[in-house]
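This report goes through a protein model section by section.

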Amino acid sequence: MEPILKIRNITKKFSNQSGEALKDISLDVFKGEMLALIGESGSGKTTLLRLIAGLESPTRGTIELNGRQVVGDNTFIPPEKRKIGMVFQEYALFPHMNVEQNINYGLHQMDKASARKRLFEVLEWVNMADLANRYSHELSGGQQQRAALARALAPSPSILLLDEPFSHLDGVLKDQMREELHTILKNSGTTALFVTHDTMDALSVSDRIALLQEGVLQQVGKPRDLYEKPTNLYTAGFLGKINHIRGYCTKTGILTDFGTFPVKRNFLEGEEVLITIRPEHIQLADKDRSELKGVLYHSSYQGDHLLVHLRPSVSKSRHSIILKLPASNKVKIGDVVGFKVNPDFTNVFPGK
Ligand SMILES: Nc1ncnc2c1ncn2[C@@H]1O[C@H](COP(=O)(O)OP(=O)(O)O)[C@@H](O)[C@H]1O
Ligand SMILES: [Mg+2]
């Protein structure tokens, strides 16, 4: 399948910047896909969106939209000719126009009857048919973002770019908007590149995730792959709480201060490695029979679960490991606790 958006070897250095904001980025976005672009503040997410939209020019590299080069060595198609929809962080409705007029703004090239039909269609998608006459100061934050989304979708963009559209919204409203956005994009068959610094946004609604660190693309893949099979330690740590345990490879597994961890892949005997495993991928086991054990030294109640911290029982090592257990669990400080891990969720990286 040909991608809708094809980014190749994009590098961007701002003239007043010492390093590069983006380094040799290549990325595809396919039709109907919702791709989340995540990364810390300053990692280059907005810069990449602005390059795609044509609001910035790259230092090197090419971008194709629908098989047509929009940026290249001798090409620069201006933003208004790229058929891109945009929703940014700030509520971006024109304040002197009501919702209907805001949406109509993008439909001026259509004949009147088609524009009217499209207006009602997008109002329906965002569930705002009865708010069409309101001005932005008469709308809640969530409603303003829904109206901005309707305006961006109205001209049927080939791709929609969203830059942290919900970062102003709080808690429950944010969760609700995240689900709504997913439904609206899927119902309308819209291809979207969605910037967020919220890992839950990315994991729960996107088809794929691309993770940027200081302008470098670290991993691109399905949410489950990034969470369960990170290809590097940065990705492993970025997507959620994770344990790091040092060990040495032996014939039977990886020897650590907690015992021997089973692993799937073969490593060089004696090689020093770092194991990563998430707290919820560790289960309790009978301490007399389990290969892995530790002493419970701290436990914190989280409402729906417990986070239990173990230290090795034998050595004086300062390592610790955190387990996520059901809140009903009765383990106590000082208990020797046996545990087991599933090798499918145990990732191993070079240790030095
Ligand atoms: N117009 C600009 N001029 C100079 N540096 C910029 C400009 N825009 C962004 N940068 C720099 O580029 C890097 C990436 O910024 P940005 O893309 O805004 O990151 P993010 O959206 O991931 O927070 C940052 O170091 C930022 O300071
Ligand atoms: Mg940004």
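## Basis of the model

This is a predicted model, in which local features need pLDDT of at least 70 and side-chain atom pairs count only at pLDDT 80 or more, while totals for chains, interfaces and linings use all residues. Residues are numbered from 1 along each chain as its sequence is written, and chains are lettered from A and ligands numbered from 1 in the order in which they are written.

## Overall fold

The protein has eight helices and 21 strands. Helices (H or I, at least four residues) and strands (E, at least two) are DSSP runs, numbered from the N terminus. The C-alpha trace spans about 80 × 50 × 40 Å along its principal axes.

Of the 352 residues, 35% are buried. A residue is buried if 20 or more other C-beta atoms lie within 10 Å of its own, exposed if 12 or fewer, and partly exposed in between, with C-beta atoms placed from the backbone. Among contacts with a separation of 6 or more, 64% join residues 24 or more positions apart; a contact requires C-beta atoms, placed from the backbone, within 7 Å.

## Helix 5

Helix 5 takes in residues 171–188, and its 18 residues should span 26 Å at 1.5 Å a residue; its end C-alpha atoms are 26 Å apart, in agreement. The expected span is 1.5 Å times one less than the number of residues. The buried residues of helix 5 are Met177, Arg178, Leu181, Ile184 and Leu185. They lie on the same side of helix 5, because they cover an arc of only 135° around the axis. The arc is that of the directions from the helix axis to the C-beta atoms.

Val172, Glu179, Thr183 and Asn187 are exposed on the other side of helix 5. The cover over the buried residues of helix 5 includes strand 3 (34–38), helix 3 (112–125), helix 4 (141–153), strand 9 (192–195) and helix 6 (199–205). Just after helix 5, Gly189 has a positive phi of about 65°.

## Helix 3

Leu119, Val122, Leu123 and Trp125 are the buried residues of helix 3. Their arc around the axis is only 150°, so they sit on the same side of helix 3.

The face turned away from that buried side carries exposed Ala113, Ser114, Lys117 and Glu124. Helix 2 (99–105), helix 4 and helix 5 are among the elements that cover the buried residues of helix 3. Asn127 follows helix 3 and has a positive phi, near 60°.

## Shell around ligand 1

The residues around ligand 1 are Phe14, Asn16, Gln17, Ala21, Gly39, Ser41, Gly42, Ser43, Gly44, Lys45, Thr46 and Thr47. A residue belongs here if its C-beta atom, placed from the backbone, lies within 6 Å of the molecule.

By class, two of these residues are nonpolar, nine polar and one charged. Ala, Val, Leu, Ile, Met, Phe, Trp, Tyr, Cys and Pro count as nonpolar, Asp, Glu, Lys and Arg as charged, and the others, Gly among them, as polar.

Asp24, in strand 2 (residues 22–29), is not a glycine but has a positive phi near 50°. Asp24 counts as partly exposed because it has 14 C-beta neighbours inside 10 Å.

Ser156 is in the loop between helix 4 and strand 8 (159–163). Its phi is positive, about 50°, although Ser156 is not a glycine. With 14 other C-beta atoms within 10 Å, Ser156 is partly exposed.

Key. Contact = placed C-beta atoms within 7 Å.
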